[in-house]
Amino acid sequence: RSALENMIAPDNSEGHISMKTANRFINEFRNIPNDKEVHILIHTNGGELNAAEIICRIIHQHKGKVVAIVPNYAYSAGTMISLACDEILTSNVSVFGPIDPQMGFPSNSIIEAVKGNCKFAIEDVFRIESEKAINDVKALLTDILTFDMSDETKSKEELVEIIMNDMVDGKHLHGHPIFASKLVEYRLTVN
């Protein structure tokens, strides 16, 4: 096993993968024999596509086994680097994210906004991204919420919809406090 304790990517406090990360990776990786097993600790919110591509190609060319260790999170470019490895070690709380290139806005939303239309409206991108975000939150709530179902007058889906209407659909400002008593009204278990 290699002694490489390469950490991707805290070049700064946000753990952003940059060309500085790629250069550090190149410098550390070149000293490892090509047949040695390498473990890479990844903790990042993502970063630059070109830097991630360099790291992925170096990993892919390495003849020895490359293991990504993701104890917390590896979003976007970090997910891509993890997928380039031969094995990914995770904890019960490890999180990965979509690999959607960003060009000021998510590239797929820009493409969707201009598809079949020469005009590009920033409002369309915001609408598309907002719809995706609300759908993601609804799916998450449906998966993670546990309700007190002793009073079966409403289904889980109906209770999720009530919470969506109160907490997600713009009824309140983002910083509006929601107290435990309201969570009890939603039939969530609160102690």
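Reply: Let us begin with K65, which is partly exposed because its relative accessibility is 36%; buried means under 20% relative accessible area, exposed over 50%, and partly exposed in between (1.4 Å probe, protein chains only). This is a predicted model, in which local features need pLDDT of at least 70, side-chain atom pairs count only at pLDDT 80 or more, and totals for chains, interfaces and linings use all residues. Residues are numbered from 1 along each chain as its sequence is written, and side-chain values use heavy atoms, with hydrogens and water left out.

Me: With which residue does K65 form a salt bridge?

Reply: Side chains of opposite charge can pair when their charged atoms come close. A salt bridge is a side-chain nitrogen of Lys or Arg within 4 Å of a carboxyl oxygen of Asp or Glu. K65 forms one with E87, the closest N and O atoms being 2.5 Å apart. K65 lies in the loop between α2 and β5 (66-70) and E87 in strand β7 (residues 87-90), so the pair ties together parts that are 22 residues apart in sequence. Helices (H or I, at least four residues) and strands (E, at least two) are DSSP runs, numbered from the N terminus.

Me: How far apart are E53 and R57 in helix α2?

Reply: An α-helix has 3.6 residues a turn, so residues three or four places apart point the same way. E53 and R57 are four residues apart in helix α2 (residues 49-61), about one turn. Their side chains meet in a salt bridge of 3.0 Å, N to O.
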